[in-house]
Structure formats: C-alpha cells, structure tokens
Amino acid sequence: MAGMMVAQAPSVQGVSPALSSSLIGTGGSPSDLSLNSAFWGSRKINCSSTLAPCKVSKAERRSAGVSVRCDASKVMAASTAMSGTPVRSTSILVVGATGTLGRQVVRRALDEGYDVRCLVRPRPSPADFLRDWGATVVNGDLSKPESLPAALVGIHTVIDCATGRPEEPIRTVDWDGKVALIQCAKAMGIQKFVFFSIHNCEKHPEVPLMEIKRCTEKYLAESGLNYTILRLCGFMQGLIGQYAVPILEDKAVWGTDASTRIAYMDTQDIARLTLTALRTQKADHKLFTFAGPRAWTTQEVISLCERLAGQDAKVTTVPVGILKLTRALTRLFQWTNDAADRLAFSEVLTSDIVFSAPMVDTYATLGADVKDTTTLEQYLQEYYTNILKKLKDLKAQSKQGDFYI
C-alpha cells in the first residue's frame with residue numbers, strides 16, 4: 001500500500017461510524033493523554049512537562065479504560081476489501097486555512113497547481129474566499145476527532161497551520177486536537193505531514209504553548225509518519241495591527257522595556273518555502289527554522305513605522321515585571337488559568353532573548369534564494385505606500401485582517 005491510499009466504498013461520502021471508531025481509537029479520547037506521557041501503540045514519548053506530570057503505567061491506563069490508539073490495521077483491512085484508486089501527490093489538506101498563515105499556504109498551493117482541500121470550523125461567516133480561490137472547503141474541528149477521518153479521504157499531504165482561539169484553552173486544539181489529527185493521518189495512510197512549531201520551544205518548558213509544541217514535535221516524530229517540522233519566529237503581518245495602523249491613525253501603541261529581538265517573516269515567504277519543502281525529499285523527517293533576514297526589537301519596529309508614516313507614535317511602555325505579576329495573579333484562579341498561560345508566552349517575547357536563526361543551510365537544502373525573501377522595511381513600505389496612505393487620504397477606517405499584502 002506504499003504510496004497510495006484506498007477509498008472505502010461504503011463510506012466515501014462520509015466515513016462510517018465503524019471506520020471512524022477504528023480511526024479514533026477505543027475506550028478513550030486524545031484528551032486522556034497527559035502532556036508528558038503520550039502513547040502511540042506501545043511506544044511512549046517522555047515529554048518531561050511541568051504542566052501535567054504523569055507517572056501512570058500502561059497497565060494502570062488499561063484498567064482505567066484509557067486508550068488513545070489509532071488502529072491502522074482495521075482501516076487497512078476495511079480498505080483492502082474494496083478496489084481503490086491511488087492518491088495524487090498534489091492533493092493537500094490545509095488545517096487552519098482561514099488563519100494568517102493558513103490562507104497564504106492555500107493561495108500559494110493553488111497557484112502552484114495543487115488540489116487544495118481546507119478543513120475549517122463551522123462559522124457564522126463562511127470561508128467563501130477560499131472557495132473563490134479554487135479550494136474545496138470541508139467542515140471539521142480538531143476538538144471533535146470524529147470529524148477528521150472524512151476530511152482525510154483521498155489526501156496525500158496534510159499541512160497543519162491550526163492553532164487555538166484566544167478564548168479557548170490552549171490544550172484543546174494545540175494538544176488534544178493535534179494528537180487526534182496525527183493519529184488519523186497515520187491510520188489513513190497520509191504520505192506527508194507538515195507541522196508548524198515555534199522557534200526555541202524546547203528551551204521554555206515553563207510556557208504551556210511552547211511545551212505543547214515541543215511535545216507535539218516529538219509525538220509526530222515518533223508516529224511513523226513522513227513529516228517536516230517548520231519552526232517560526234514571528235509574522236510581519238502581526239505588526240500591522242499592533243504598530244503600523246495605530247501609529248498612522250494617531251492612536252496609542254504598547255511596548256515593553258525588554259530588548260527581545262525577533263526575526264519577523266512575511267507569511268507569503270513562509271508559504272513559498274513550505275511548498276518548496278514539499279517538493280524535495282531532503283525535507284523529509286527534518287526540522288527547519290524559518291527566520292526573516294534581520295531580528296528587530298520593539299523600539300526598532302516602532303521607529304521604522306514612525307519614519308514610514310511620517311509621524312510620531314504615542315508609545316505606552318509596559319514593564320516586564322508588570323506582565324509577570326499579572327500572570328502570577330491570574331494563576332490564583334481556575335477561570336483565569338488560560339489567560340495566565342498566554343501571558344507566559346508574552347513573557348518569553350518580552351525577555352532578553354533573540355528569536356532568530358541562520359538560514360543559509362535551510363536555503364541551500366531547499367534550493368531557495370535568500371534574495372526572494374521580503375525584508376521588514378520592504379513589507380511595511382509597501383503597506384504604507386500602497387494601502388494605508390490611500391485609506392488615510394480618503395478618511396477611511398482600516399482593519400488589520402482586511403489588508404494583508
């Protein structure tokens with residue numbers, strides 16, 4: 001069955017309950033996994049985490065009815081009973097396709113001739129722009145594992161751009177949901193899995209999101225799937241709403257007194273390099289860090305926006321100590337724990353570290369040219385010149401999400 005997947009005739013229109021059961025596992029759900037004791041069959045990934053210490057043996061887990069195992073043999077038995085067709089290498093499922101990065105991956109893949117299917121959560125405002133571009137949109141939710149198998153039928157490659165919403169617990173999507181997705185991908189015979197992570201996540205086990213990313217990397221590497229892990233430093237797009245628009249509209253911007261440097265990258269460049277990685281076997285079972293040409297401090301970004309906007313910024317500086325105190329206070333209450341988790345990530349971004357990595361070897365491996373990578377100066381210059389200045393002249397109101405370039 002190497003290199004192909006067989007469609008199950010009894011459930012091509014929607015995976016049958018029996019097949020879904022064999023995909024998701026028996027006697028448990030991904031939420032039964034602790035962060036530092038993730039199981040794939042009989043193999044154990046030891047993620048030493050301060051978040052969810054777990055010393056439970058496999059025997060104890062069985063007696064408790066905990067089993068988060070994707071029984072691929074059941075799926076294979078069901079599939080081999082019927083004749084099938086090979087899966088095309090151009091068939092891609094993008095998870096999190098409506099996000100800042102996901103939409104750029106979709107657009108780039110379509111431009112390069114891939115057949116793109118997008119897994120999106122049911123939402124009040126449909127993702128019609130994805131259909132307009134030429135993608136197929138299917139409803140699914142990482143927090144509901146039973147919705148995943150049908151979306152993977154006929155798919156060769158999964159590109160996971162998803163992340164949890166600010167209002168929901170970090171673990172729900174970024175851990176439980178990713179475990180379910182990886183399990184389903186393995187059972188369904190997915191040929192390649194691309195996962196986006198965070199640079200230096202292994203150095204910050206005290207930060208829930210970064211520890212989850214590290215554990216997911218490990219879980220994916222041990223799953224038996226052909227994978228590529230791409231660690232990211234920061235998006236240029238996020239600077240628009242944070243600094244560029246408020247400065248142009250003479251509103252306050254928030255900064256810190258830390259000297260953190262971040263090598264921001266345009267999501268279009270990330271998408272381009274991601275698709276490049278799909279075309280080379282040199283990226284199989286590899287981890288790369290994507291970083292922009294230069295690492296910037298908050299003050300340097302603000303100064304650049306001031307120069308391009310032609311006006312001074314109203315900067316409100318928040319001491320790092322205030323963030324740490326706020327996190328400590330929110331930890332005192334159960335209903336504010338999720339806020340504390342996200343504040344922990346903010347603390348990392350406001351510490352005296354550098355979020356950057358050399359890209360020379362990465363460009364060489366992928367056969368890409370560094371000259372094709374957008375600098376922050378170029379990105380903001382184009383934004384101000386071509387869009388925001390015109391909107392200001394027309395006295396129009398702008399929103400960050402409407403004007404990504």
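A crossing of two helices is right-handed if the near helix is turned clockwise from the far one by less than a right angle. That term will be needed at two stops of this tour of a predicted model.

**The whole chain**

Start with everything shown. The chain holds 15 helices and 13 strands. Of its 405 residues, 52% are buried. Among contacts between residues at least 6 apart in sequence, 77% join residues at least 24 apart.

**Stop 1: helix 4 and helix 10**

Select residues 100–111, which form helix 4, and residues 267–278, which form helix 10. The crossing of these two helices, helix 4 and helix 10, is right-handed. Their axes come within 8 Å and cross at roughly 50°, and the pair is therefore oblique.

Now show the side chains where the two helices touch. On helix 4, pick Thr100, Leu101, Gln104, Val105, Arg107, Arg108 and Ala109; these meet Thr267, Gln268, Ile270, Ala271, Arg272 and Leu275 of helix 10. Coloured by class, this contact of helix 4 with helix 10 shows six nonpolar, four polar and three charged residues.

**Stop 2**

From its first C-alpha to its last, helix 10 reaches 17 Å over 12 residues, close to the 16 Å expected at 1.5 Å a residue. How many residues of helix 10 are buried? The count is 11 of the 12, so helix 10 is largely enclosed by the rest of the structure. To see them, select Thr267, Asp269, Ile270, Ala271, Arg272, Leu273, Thr274, Leu275, Thr276, Ala277 and Leu278.

**Stop 3: helix 8**

Go to residues 208–221, which make up helix 8. Helix 8 has 14 residues and spans 20 Å from its first C-alpha to its last, close to the 20 Å expected at 1.5 Å a residue. Helix 8 has 12 of its 14 residues buried, so helix 8 is largely enclosed by the rest of the structure. The buried residues of helix 8 include Pro208, Met210 and Ile212, and among them are also Glu211, Lys213, Arg214 and Glu217.

**Stop 4: helix 9 and helix 11**

Select residues 238–248 for helix 9 and residues 298–309 for helix 11. Their axes lie 9 Å apart, and the packing angle is about 40°. Helix 9 and helix 11 are therefore oblique to each other. Helix 9 passes helix 11 in a right-handed crossing.

For the contact, show Leu239, Tyr243, Ala244, Ile247 and Leu248 on helix 9, together with Thr298, Val301, Ile302, Cys305, Glu306 and Ala309 on helix 11. In this contact of helix 9 with helix 11, nine residues are nonpolar, one is polar and one is charged.

Stay on helix 11 and select Leu308, which lies in that helix. Is Leu308 buried or exposed? Leu308 has a relative accessible area of 14% and is buried. Draw a distance from the C-alpha of Leu308 to that of Leu248: the value is 9.3 Å, for two residues 60 apart along the chain.

**Stop 5: Asp115**

Finish in strand 4, residues 115–120, where Asp115 is found. With a relative accessible area of 33%, Asp115 is partly exposed. Leaving aside neighbours within four places in sequence, Asp115 is in contact with Arg88, Thr90, Ser91 and Ile92.

How values were computed. Residues numbered from 1 in each chain as written. Predicted model: local features only at pLDDT ≥ 70, side-chain atom pairs only at ≥ 80, totals over all residues. Heavy atoms only, no water. Axes fitted to C-alpha atoms, helices over the stretch in contact; angles between N-to-C directions. Helix = DSSP H or I, 4+ residues; strand = E, 2+ residues; numbered from the N terminus. Parallel < 35°, antiparallel > 145°, perpendicular 65-115°, else oblique. Contact = heavy atoms within 4.5 Å. Nonpolar A, V, L, I, M, F, W, Y, C, P; charged D, E, K, R; others polar. Expected span 1.5 Å × (residues − 1). Buried < 20%, exposed > 50% of the residue type's maximum accessible area, 1.4 Å probe, protein only.
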